[in-house]
Each structure stands twice: as C-alpha cells, then as structure tokens.
Amino acid sequence: MPIYTRCIQPQSIDPILFTNREDEYRHIKEILRSIILARGEDERRLMIHGDRGTGKSIFLRKVLSDLKQEIDFIPVIVDGKTSRNAEELLRDVCENLALELRGEYKRDEKAICEISYLDEISRVSTVTKGWARSRAEEIEATAGAEIGILNFFKLRVGIGGKETGIEELTRTVEIEIDSRFLRQLLSHVIETVSSDLDKEVVIAIDSLDQIHDKDQIAEFVHEIFKHRKSLIIAVLRSEAITLEFHRSFRDPIVIKDLSGDALREILAKRIENCPEKEILDQKLPPIADKLRAITVNPLSFLTWVHFLCTNTELDPETMFDDLKGFVSNFYGVDPENASVISKFFLNAGNPFLTRAEIVKQTEISEGDSETMTENGILVPDNLYKPQKYRISPDLAFFKLDT
Ligand SMILES: Nc1ncnc2c1ncn2[C@@H]1O[C@H](COP(=O)(O)OP(=O)(O)O)[C@@H](O)[C@H]1O
Ligand SMILES: [Mg+2]
C-alpha cells in the first residue's frame, strides 16, 4: 500500500520548512538589511538566481519574513508563475501592496477608502473619468492619512475641485489602465506611503522567468526600473538572465546546490510533525539515502520521494523502475527514450550540448529531442536564445542504473 502522505510537499515554499544554508542565510539577510536601511539611495536592486528547484523561493520568503521581525518595512511579494505578462505582474504588485497597506492603516478611514480603490484599479482594464470623479468625492468625504490615490486621480486623471462643465461632458471618457498607468500609480502610492509611515516598501518578484510571455520579462524589468522609489528584488532562474539583467543588477546572489546532508535535514523537517511519521521513519530512509546520494537539487529529491510515497510500495528493490513511472506521469514521455538520453548526459557529466550534438551522439530523433525540450526534459542554457541543452535534474535518478 502506498503511503498517502501530504507531508513531503515538493512545491511548498513555506518558510516554516526552511532548514540549512546558515551561512548564506546570514549573508543575504545582512545584505538585504543594509539595502533596506540605505533609504533614499537610488537604484536599489538585488537579483537572486540559481537553477530550478535549488530553493530560491523558500529562501526569499524566509529571509524577508525573519527580517520583518527585526526591522520595519513593507514587503510586497509577487510571483511570475501566476502572470501572463508585465502588466499582470504590475497588477499583482498593486493588489498585494493594497493587502499590506490594509494592515498598516487599520484605523484610517481615508487610507482604507483609498486602498480599496487601489485594489479595484488593479483588477480593471479601463475606468471612466466619471468613475474617478465619484471615487475622488468619496475619498474627500473621509478623514485621516492618505496613501496618494486622490492625489494621483487629480494629477493623472485631471479631476479636482468642483466639477466643471467640460468635465461633465467627459464623464464617459475611458482611461486605459495599462502598464504605464499602473507604474505611475505605484510610484505615487509608494512614495506617499513610505514617507508617511517612514517605512520602506520592498517589492520582491519571485519566478520572474516564469511569466508566460517571455518577451515581456525585459519589458517588465524596464518598466519597474523606471520606478526608483523602492527596493526591488528579482528572483529568477540563471538561464533567464539577459544582458539587460546584468546591466541592471550589479552584484547578483547565486543560490547554490545543497549537500546530501542538507537534503536529509530538509526531509526530516517535513516528517517531524507528520501524521504518517512512524511508517515513513520505517520505510523511507533506505530510499531517501540512495536518492540524496545522486542529486543536489531539493526539488527533484522531494518530488521523487513524494511520488514514491504516494504511488509505490517504497521498496528499494523496485524503486528505480517505480521512478520510470514518474517520468511518464510527470513528463509524458516514454521512459525508455528518457533513459537513453539521461544516461548519455549523466555519463558525460551533464554538459550543455547543441541540439545537433544531442541528435548525433544519442541517436534520438530530431522530433524526440524537440518534444523533450518542450516537456522540460532538456533544459536550455538561455531562455531566449537557447543554443545548448542539458538534462533536467529530475532525470538524475537514472544514475541509479549506470
Ligand atoms: N533550505 C531549504 N529548507 C527546506 N526546504 C527547502 C530548502 N531549499 C529548498 N527547499 C524545498 O525544495 C523545493 C524547491 O524549492 P523552491 O524554493 O521552490 O526552489 P526554486 O524557487 O529555486 O525553484 C521546495 O519544496 C522547498 O520547500
Ligand atoms: Mg521558485
């Protein structure tokens, strides 16, 4: 019987699960602290990168949540995974900023009123001038601190004071809420809020490489950098780093591979309070020990362990064949094909190779190699101009058979 446990959580980035990386943790936390405290300095940016699944996302959340206990700032974390393009990412920043500000301005009637319009704007594609005017009137009727929305309506939408005859005629004129509008709105609100609360707004964009429309990553970086009022942290996979990133971020931080011991602790932490702890403690160690000897990637390691727990008998004897089932389940490719290509790469030390080299040296067809790129079995060296590929760390379990 498989063990239907939910404790392995290969996708979780809950900072509560974080272990290890003490040195990097201290180092990055201090860098971040100093950048946050260097208020007023221009162009404060930090880029964190590394391979898929090395632990960038959990690291970011852990460091920010711990730092929040020590110094006062407003963290706004968004994730490229859930956005199609640059505009959607900016909308997420607005929405999450609104959420954070609700906590900051609990008892401020005016601010709360403005925050609800910040939230509303983040969800619509156009507003009319009339809409902005009536919102402005509602805001004006309240009292307390402002987050800058009213002011922005006045500056950008041109409403203020008593409604003029001309304005009355332009009530139905639509204003497009595009990237430019959102960026200006954000700049305005962030500037108002950070000086009013005397707190820094830190915008962290996780999985920036995962925006669906890849061409827009550069655009987003461009957009967000026009905004100089807050600290920006970008987290992405190494293969997505373009020249533009290199120019914009001077001292990137790399999240490196983890040791086998670290992987053991990561797993132990997940099982610590698990309802299935007893049986997992009994059946998992022989399997987990074999797996952590062949990978340095926590995501691959946890994904295999989770798959084996919930789909197999956790038998070390059949574990290799069981994991072939993982390849067909997760990647939708024939495990035998995957086996040929994986073993080839693993024997060669997993170098980056051109497609022609792969086809020639492994004798898999051009078509199959294309499918494997689409399925994520072959990982490019560069997201935009891929020239070379190597095997995904998820396939490293074929080492068990070499
Ligand atoms: N230091 C760590 N402590 C505990 N779990 C970790 C650690 N590093 C990575 N993980 C786990 O490994 C998986 C992949 O981590 P994630 O942060 O999503 O990687 P990335 O963002 O680099 O792709 C997640 O399940 C995460 O919880
Ligand atoms: Mg991530």
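**Exercise 1. Work out the strand order of the open sheet of three strands, and find its edges.**

Step 1. In this predicted model, the open sheet runs β8-β10-β9 with antiparallel pairing; strands are DSSP runs of E of at least two residues, helices runs of H or I of at least four, both numbered from the N terminus. Two strands pair if DSSP finds at least two bridges between them.

Step 2. β8 (353-354) and β9 are the edge strands, each with a single partner, so one side of each has no neighbour in the sheet.

Step 3. Now look at one pairing: β8 and β10 (residues 388-391) are antiparallel over two bridges, and T354 has K388 of β10 as its bridge partner.

A note on conventions: residues count from 1 along each chain as its sequence is written, while chains are lettered from A and ligands numbered from 1 in the order written. Local features need pLDDT of at least 70 and side-chain atom pairs pLDDT 80 or more, whereas totals for chains, interfaces and linings use all residues.

**Exercise 2. Decide which residues of helix α17 (residues 366-374) are buried.**

Step 1. Count C-beta atoms, placed from the backbone, within 10 Å of a residue's own: 20 or more others means buried, 12 or fewer exposed, and in between partly exposed.

Step 2. D368, S369 and M372 come out buried.

Step 3. Past the helix comes G376, with a positive phi near 85°.
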